[in-house]
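Let's take a friendly walk through this model, from a pair of rings out to the sheet and the cores. Have your viewer open as you read.

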Amino acid sequence: KGIAKYGNVSLERVVLLNFLYDIYAYDHKERSKSVSVIVEIYDENNPLIVGHVFDYIYSDILRNLTINVEGRNNNPYAPVFLGTSFAGMIGLYMGVSAACCSVSVTERITNVNETWREIFTNLKAGYNTTSFIIRSLMQSNQLITFQEAAVILSNSRIVAPCYLMIGGQYDGVLVTRDCYGAFDKVFLSTQTEWYLIGTNYDPWESPPSDDNRKQVVIHQLESAGRGNIDTGNLIKALLVSPVVNDHTAFVAATTPDYWGPYSSVIYYPDN
């Protein structure tokens, strides 16, 4: 209500904005093309960098609402998280916390015939939106480990299925989950490559022949070289077609260490 009052918009519009991802996840007509990536670099202090491409069908509207945010608790001089979100939103789709880790989300569409009734049933049962679960973790005053954060985000009940890329100081994990919990986790530390990439397909499945985003990201990372990747260069590596497209709203990169650099750009296709 406070956002609606001081933003001079209707409460209905604010509520709709905060449920955008979860509603769209049940619309099977068009798949989102978001990307999350975590890379291991040659830096003893900040060995990992995470990047995120946020894609959504209403990106022409969301670009004008895109903002970087700082979350604060009782101490107004000490932010507890940084992130990229949209004006009027309570939750986060990309953020890094002083307490534990970084988190980004990409859309997951399943073959289950979910309906609007499923959405309202989950909400009545007390399930949270994906963005609010991330925000709650980011704003926690309690220091938790990367492993504990991965457990919380894997087991919390949420309205819509998704993929979560969680980055700790020394490891990262791509979590595949539905409304009830996770059923697959891929850790960076178990991979032979120095990067872990998530799109909008289950890691054990091959993407369709017309979607080569993952291969393009791999090419960009390998071309840049492990020793040349920082937050700025990771954003540049992601700002190529088809990794970004007409529905891309923003691209962001950070280190899972809260005190590292945080960078983001709003993507305009015509520029």
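## Rings, sheet and cores

Phe54 is buried, with a relative accessible area of 5% (buried means under 20% relative accessible area, exposed over 50%, partly exposed in between, with a 1.4 Å probe and protein chains only). A word on the ground rules: this is a predicted model, in which local features need pLDDT of at least 70 and side-chain atom pairs count only at pLDDT 80 or more, while totals for chains, interfaces and linings use all residues. Residues are numbered from 1 along each chain as its sequence is written, and side-chain values use heavy atoms, with hydrogens and water left out.

Now for the aromatic pairs. Rings of Phe, Tyr and Trp (its six-membered ring) pair if their centres lie within 6.5 Å; planes under 30 degrees apart count as stacked, over 60 as edge-to-face and the rest as tilted. By this rule the count comes to nine aromatic pairs. Two of them share Phe250, as the table shows.

| Pair | Centre to centre | Angle between planes | Class |
|---|---|---|---|
| Phe54 and Phe250 | 5.3 Å | 0° | stacked |
| Phe86 and Phe250 | 6.0 Å | 55° | tilted |

The pair of Phe54 and Phe250 links distant parts of the chain, strand β2 and strand β11 (residues 248-254), 196 residues apart. Helices (H or I, at least four residues) and strands (E, at least two) are DSSP runs, numbered from the N terminus. Phe86 lies in strand β4 (residues 81-86), so its pair with Phe250 ties together parts that are 164 residues apart in sequence. Phe250 counts as buried at 0% relative accessibility, and Phe86 does too at 2%. Ring pairs join Phe54, Phe86, Tyr93 and Phe250 into a cluster.

On to the sheet that holds β2 and β11. Five strands form an open, antiparallel sheet in the order β10-β1-β2-β11-β12, where two strands pair if DSSP finds at least two bridges between them. At the edges stand β10 (195-198) and β12 (262-266), each with a single partner strand, so one side of each lacks a neighbour in the sheet. Six bridges join β1 (residues 35-40) to β2 (residues 48-55), and Glu40 stands opposite Leu48 in β2.

Beyond four places in sequence, the contacts of Ile38 (heavy atoms within 4.5 Å) include Val50, Ile166, Leu188 and Trp194.

Finally, the cores. A nonpolar core is a set of buried Ala, Val, Leu, Ile, Met, Phe, Trp, Tyr and Cys residues joined through side-chain atoms within 4.5 Å. The largest one has 48 residues, and those touching the most other members are Phe54, Phe86, Cys101, Val103, Leu137, Leu164 and Ile166. Strand β7 (residues 162-167) gives the largest share of this core, five residues. A second, separate core of 21 residues includes Val35, Val37, Ile197 and Val244. Leu137, from the largest core, touches Cys101, Val103, Ile144 and Leu153, among others.

Thr199 is buried, with a relative accessible area of 12%, and its contacts beyond four places in sequence include Val35, Tyr163 and Arg213.
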